[in-house]
Amino acid sequence: MWQRLSFRTQLFLPLGLSFLAALAMGGVLLKTFATGQLADENEPGRRSTRTVAVALNNALGASDHPRTILDAFVRSLDSSSDIQFRPIEAGPAPSVKDGLRNLHGVPQWFVELIVIPDMDAASPVIIDGRRVGDIVFVPDLSADLFEKWIGFLALTSLIAILTVLTGTIAYLFAESALRPLQKLGAGLTRMRCGDYAMPIPVAGPPEIRQSCEEANALATTLARLSQDNRDLLHRLVSLQDDERRDLARELHDELGPLLFGIRASTIALADASPQAGNLGNSVQEVMRSVEALQQTNRRILDRLRPLYIEQLGLETTVQTLLQNFRRQAPHIGLTATIDPALNEIDGPLAQTVYRLIQEALTNVLRHANAGNAHVQATVAGEALVIEISDDGGGFPESNVFGRGLTGMHERVRALSGSLSLLRADERTYVRCLLPVNATQEEPPQS
């Protein structure tokens, strides 16, 4: 649970809890020590009450007119004094706690928080052996409680100020520490996505600065390795194209004449032999086989090296590929959006575009069980966008890229492009993004 909280929350939550704990501790200390303090502060008044009662009783006992002396004593008492005379007919003296209601400026919960000690003191006044009243001590605790309330407010304000000050410092520190960490995280995210060009700003405490410098060094290494990997893939693709070209030349120069010779000999044999019987049927079978081999040879040559790209341009070659697909799969409704600007593309980039569309359509024909498909190849600024979609059954979760698309993925990576396969709206999409200014020549041999 704690690990899921943000850094700021982990930083400020203990500060808030410390503030509440300090308030609670202040309340406990106030409740603990205020009672004894109030009792100690008013103990001299209680002793004075008993002393005054003893002196008054002695004076009344020695006087011939005790009532006159008592009246004179009562008149001498100040109404605001804590020591008062209460006649017996007035009933029992009020408790100290009874006078603690509605204190001006002191909330009632604060009064109830403090345990008021029992400070009542009553000493009887005797005249002629009969109790006529009491000398009572009823202190006014309003000033004491207000003083303690002011002290509690001062303590709370001090704690609040310290908490706010500490929180502000912690917030500024967290901001100064988190900003470089956020930039470091954003830089690592860019690195994970393959973007090594933008360096991570080096800022913050020394530990974070060191981490940023290490991340930048890692980005430099990864950029170099990525470039080496692209160069290697480019060389591999170039070698594959060279092998395809050599194989296509061998098939064209060697197998083509042989098939033509077999066909010519078969025609000569048919002309020299009677057109009846088993021999005539065998000749026709040989002719059909030779024609099938020639068609197969031409199809293999087209797959190995589409010569039309160099002669007619990429856009025309792609249109020819689409026409061949329509003839081969008339049950699939194929639509296309082909940009005429594709004719300006040549070299490995044109070969990659042709191979990608060819491989994607082959997968649609063999595996998709689709009813319609769409091919889009457009030039948008400095990027070449290719998308082949179909309404077939899609691809298995565990095998996104097959062998053919894996080879295409390597070709695309060699040209610093991206290739993705996704399923959306019950359609399967093969999407490719290639830079138009991708390297058209082989990288230098190391």
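**Exercise 1. In which order do the five strands of the open sheet lie, and what is the pairing?**

Welcome! Keep in mind as you work that this model is predicted.

*Step 1.* Read across the sheet: the strands come in the order 4-5-6-8-7, and their pairing is mixed.

*Step 2.* Now look at the edges. Strand 4 (333–338) and strand 7 (418–424) each have a single partner strand, so one side of each is left without a neighbour in the sheet.

*Step 3.* Going from one strand to the next, the twist averages 10 degrees.

**Exercise 2. In which sense do strand 4 and strand 5 pair, and over how many bridges?**

*Step 1.* Find strand 5 at residues 372–380; strand 4 pairs with it in the parallel sense, over six bridges.

**Exercise 3. Which strands does helix 9 lie across?**

*Step 1.* Locate helix 9 at residues 347–368.

*Step 2.* Follow helix 9 over the sheet: it lies across strand 4, strand 5, strand 6 (383–390), strand 7 and strand 8 (427–435).

*Step 3.* Check the direction: helix 9 runs at about 10 degrees to strand 6.

**Exercise 4. Is Pro199 buried or exposed?**

*Step 1.* Start with its place in the chain: Pro199 sits in the loop between helix 4 (142–192) and helix 5 (206–272).

*Step 2.* The relative accessible area of Pro199 is 55%. Exposed means over 50%, so Pro199 is exposed.

*Step 3.* Look for its contacts. Once neighbours within four places in sequence are left aside, Pro199 is in contact with Arg190 and Asn216.

**Exercise 5. What is the mean pLDDT of the protein chain, and where is the pLDDT below 50?**

*Step 1.* The mean pLDDT of the protein chain is 78, with 86% of its residues at 70 or more.

*Step 2.* The pLDDT is below 50 over residues 439–446. This stretch has 17 contacts in the model beyond near neighbours in sequence.

*Step 3.* Where pLDDT is low, the predicted coordinates should not be read in detail.

**Exercise 6. How many helices and strands does the protein chain have?**

*Step 1.* The protein chain has 10 helices and eight strands.

*Step 2.* To finish the picture, 33% of its 446 residues count as buried.

Methods:
Residues are numbered from 1 along each chain as its sequence is written. This is a predicted model: local features need pLDDT of at least 70, side-chain atom pairs count only at pLDDT 80 or more; totals for chains, interfaces and linings use all residues. Side-chain values use heavy atoms; hydrogens and water are left out. Two strands pair if DSSP finds at least two bridges between them. Helices (H or I, at least four residues) and strands (E, at least two) are DSSP runs, numbered from the N terminus. Axes are lines fitted to C-alpha atoms, for helices over the stretch in contact, and angles run from 0 to 180 degrees between N-to-C directions. Contact means heavy atoms within 4.5 Å. pLDDT is the predictor's confidence in each residue, from 0 to 100. Buried means under 20% relative accessible area, exposed over 50%, partly exposed in between (1.4 Å probe, protein chains only).
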